[in-house]
Amino acid sequence: MQIACIGSREIPPESANACREMGMGLVRAGYTVVTGATPGTPGRDDWANWADAAFAAGAYYLNPTRLIVCLPWQHFPHGSGSPPPEISVGYVEEHLEWAEAARRYWEAERAAYVGPWAAIHRATSLRYVRNAGIILQSRLVLAWPHGEANGTRFAMGFAEWRGVPVIDLEIAPWREALAALVAQPHLIGDSNRC
């Protein structure tokens, strides 16, 4: 079963540690983590404490084959090299269906008050498309928004629009969410790896 694990780039260090622990716990319970950044190492990688990278690091540490990373472009985040070969990686340019789904959501739910999809800055739209790709592969979303977190909030709205349940970890206690998922994985069904 695949779970989207997403969040802000600006989460506090203790939240990043919690994301790493959740990534490990989910993989230990048999889930596959789907996220939007490569694993980061604290003290070495600038992106290590982004929520997505922290979730990825926890999953990668325990079992890299249970990690799917969706990236907006090659060498994302800036300064990263190629993703580790053991993980499954998808790029926006390889998945036109991600772009179409993101555009449809934007036009249906956001264009009226924010403007048309075509007017979004290219780098921002690529990150939104990446987020749509994460959600399209998942049966549940664990999200850790913090501050503005525009990309995370886009992903949360996209998930709700698609009928994918979202657990907001800024509100729900993360340990309780993880314990519930570990104790009863059958509650959210079974899914094949994409």
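Reader: What is the volume of the second largest pocket?
Author: This is a predicted model, where local features need pLDDT of at least 70, side-chain atom pairs need 80 or more, and totals for chains, interfaces and linings use all residues. Residues are numbered from 1 along each chain, and side-chain values use heavy atoms, without hydrogens or water. A pocket is an open set of points on a 1 Å grid over the protein atoms alone, where a 1.4 Å probe fits, with protein on both sides within 12 Å along at least five of seven lines. Probe spheres set on the points, joined across faces, edges and corners, fill the volume, and for the second largest pocket this is about 160 Å³.

Reader: Which element gives the largest share of the lining of the second largest pocket?
Author: Lining residues have an atom within 4 Å of a point. Here they include Pro72, Trp73, His95, Leu96 and Trp117. Helix H3 (96-109) and H5 each supply at least two. The largest share, four residues, comes from H5.

Reader: How many charged residues are in the lining of the second largest pocket?
Author: Ala, Val, Leu, Ile, Met, Phe, Trp, Tyr, Cys and Pro count as nonpolar, Asp, Glu, Lys and Arg as charged, and the others, Gly among them, as polar. Eight lining residues are nonpolar and two are polar. The charged ones number two.

Reader: And what is the volume of the largest pocket?
Author: Its lining has 20 residues, with Arg9, Arg127, Asn150, Gly151 and Thr152 nearest the centre. E1, H5 and helix H6 (150-162) each give two or more of the lining residues. By class, the lining has six nonpolar, eight polar and six charged residues. The volume of the largest pocket is about 380 Å³.

Reader: Which residue of E5 is the bridge partner of Ala4?
Author: Strand E1 (residues 2-7) runs parallel to strand E5 (residues 140-144). Five bridges join the two strands. In E5, the partner of Ala4 is Val141.

Reader: Is H3 roughly parallel or roughly perpendicular to H6?
Author: The axes of H3 and H6 lie 11 Å apart, at an angle of about 90°. Angles under 35 degrees count as roughly parallel, over 145 as roughly antiparallel, 65 to 115 as roughly perpendicular and the rest as oblique. Therefore H3 and H6 are roughly perpendicular.

Reader: How far apart are the axes of H1 and H7?
Author: Helix H1 (residues 13-28) and helix H7 (residues 174-183) pack at about 5°, which means they are roughly parallel. Ala18 and Met22 of H1 are among the contact residues, as are Trp174 and Leu178 of H7. The contact has seven nonpolar, one polar and two charged residues. The axes of H1 and H7 are apart by 10 Å.

Definitions and conventions: Two strands pair if DSSP finds at least two bridges between them. Axes are lines fitted to C-alpha atoms, for helices over the stretch in contact, and angles run from 0 to 180 degrees between N-to-C directions. Contact means heavy atoms within 4.5 Å.
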